[in-house]
Amino acid sequence: MGKRSYHSLFNQIMEKIMEYPGHIYFVTLTMKDDNVLNKDSISNFLQKVKYRDVQIEGYVWVKELQKRGVVHYHMIVLVPEKLRDFYSKVNESWKHGFVFVKGVEKQKVRNTILYIMKYIKKDLKDQVKNEKMKRKIGRGGLLRFRAETFLGRVVKFSGFEYVG
């Protein structure tokens, strides 16, 4: 992902989250060890959360390698309303290690997104040498969209017609 693509993606994710009328959670999922890590770890987790009657309308996750060599995930999760038992439902759905959950206020969304996006930017130019770090980001629901170019967005939100 190039620098322009990164900034465009960041801005578009920010817009989608700021427009979202529901509740926003920041979730960290750690693993005890790598024996349970597989390519479906996050999708299996999301299915288990949905099974527990949590309606997830959008999410973005990023994978990071800890100093001890074990993977953990940071996520922003969009749900229609604040849930009193969201932590327990997430914890029951993730049996691989530690869970951290925090509600995010609208005025702090930018800092939360910056925190997640820094892991993507950190490795923009590095080649992936570690097999478990092949896919570093994922998104779904409202946050799964085709990223637009800057020029495309200018044309979309202005009254001008682009002839190029």
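Mentor: Of the 164 residues in the protein, 40% are buried, meaning under 20% relative accessible area, with exposed being over 50% and partly exposed in between (1.4 Å probe, protein chains only). Keep in mind that this is a predicted model, where local features need pLDDT of at least 70, side-chain atom pairs count only at pLDDT 80 or more, and totals for chains, interfaces and linings use all residues. Residues are numbered from 1 along each chain as its sequence is written, and side-chain values use heavy atoms, with hydrogens and water left out.

Trainee: Okay, how many helices and strands are there in the protein?

Mentor: Five helices and five strands, taken as DSSP runs numbered from the N terminus (helices are H or I with at least four residues, strands are E with at least two). The order from the N terminus is α-β-α-β-β-α-β-α-β-α.

Trainee: Switching to helix H3, which of its residues are buried?

Mentor: H3 covers residues 86-93, and its buried residues are Phe86, Lys89, Val90 and Ser93. They span an arc of only 100 degrees around the axis, so they sit on the same side of H3; that arc is taken from the directions from the helix axis to the C-beta atoms.

Trainee: And what do the buried residues of H3 pack against?

Mentor: They pack against S1, helix H2 (41-51), strand S3 (71-79) and strand S4 (99-104). Contact here means heavy atoms within 4.5 Å.

Trainee: New topic: how much space lies in the largest cavity?

Mentor: About 30 Å³. A cavity is a set of points on a 1 Å grid over the protein atoms alone where a 1.4 Å probe fits but cannot get out, and lining residues have an atom within 4 Å of a point. Points are joined across faces, edges and corners, and the volume is the space filled by probe spheres set on them.

Trainee: Which residues line the largest cavity?

Mentor: Val27, Phe45, Leu46, Val49, Ile56, Met75, Val77, Phe86 and Val90. H2 gives the largest share, three residues, while H2, S3 and H3 each supply at least two.

Terms used. 1 Å grid on protein atoms, 1.4 Å probe; cavity = no way out; pocket = protein on both sides within 12 Å on 5 of 7 lines; lining within 4 Å.
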